[in-house]
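Here is a short report for a first look. Please keep the sequence and the 3D view at hand while reading.

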Amino acid sequence: MSDEITFTVERSEPGYNHVRLTGTYTGPATVEEVKKRFYHEYFGGREAWCRDGRFGCVYHID
């Protein structure tokens, strides 16, 4: 049994200097893993969540 996590972005909504993502995942995921995978390296992000196979976050692009 693999513990590999696969994130699939189903919706990407651009805004002013940020992008809101929502989607699904397989495997055991945590909020920290969502942040690590999707937050911008320098500008960060906010509002990360994951529950029942769904995830979402906002990542900053400026």
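Does C50 count as buried or exposed? C50 counts as buried, because its relative accessibility is 16% and buried means under 20% relative accessible area, exposed over 50%, partly exposed in between (1.4 Å probe, protein chains only).

## About the model

This is a predicted model: local features need pLDDT of at least 70, side-chain atom pairs count only at pLDDT 80 or more, and totals for chains, interfaces and linings use all residues. Residues are numbered from 1 along each chain as its sequence is written, and side-chain values use heavy atoms, with hydrogens and water left out.

## The sheet and the helix

Four strands form an open sheet in the order 1-2-4-3, with antiparallel pairing. Helices (H or I, at least four residues) and strands (E, at least two) are DSSP runs, numbered from the N terminus. Two strands pair if DSSP finds at least two bridges between them. Strand 1 (6–15) and strand 3 are the edge strands, and each pairs on one side only. On average, neighbouring strands are turned by 20° against each other, direction ignored.

Strand 3 and strand 4 share five bridges in the antiparallel sense. R51 has R54 in strand 4 as its bridge partner. Helix 1 packs on the sheet and touches strand 1, strand 2, strand 3 and strand 4. The direction of helix 1 makes about 130° with that of strand 3. Axes are lines fitted to C-alpha atoms, for helices over the stretch in contact, and angles run from 0 to 180 degrees between N-to-C directions.

## The core

The largest nonpolar core has twelve residues, including F7, Y25, F38, C50 and C57. Such a core is a set of buried Ala, Val, Leu, Ile, Met, Phe, Trp, Tyr and Cys residues joined through side-chain atoms within 4.5 Å. Strand 2 gives the most to this core, with three residues.

Y25 touches F7, C50 and F55, among others, not counting residues up to four places away in sequence. Contact means heavy atoms within 4.5 Å.

## The cysteines

C57 is buried, with a relative accessible area of 2%. The sulfur of C50 is 10 Å from the closest cysteine sulfur, in C57, so the two are too far apart for a bond. A disulfide is a pair of cysteine sulfur atoms within 2.5 Å. By this rule the count is zero disulfides.

## Around H18

H18 lies in strand 2. Leaving aside neighbours within four places in sequence, H18 is in contact with E13, R46, V58, Y59, H60 and I61.
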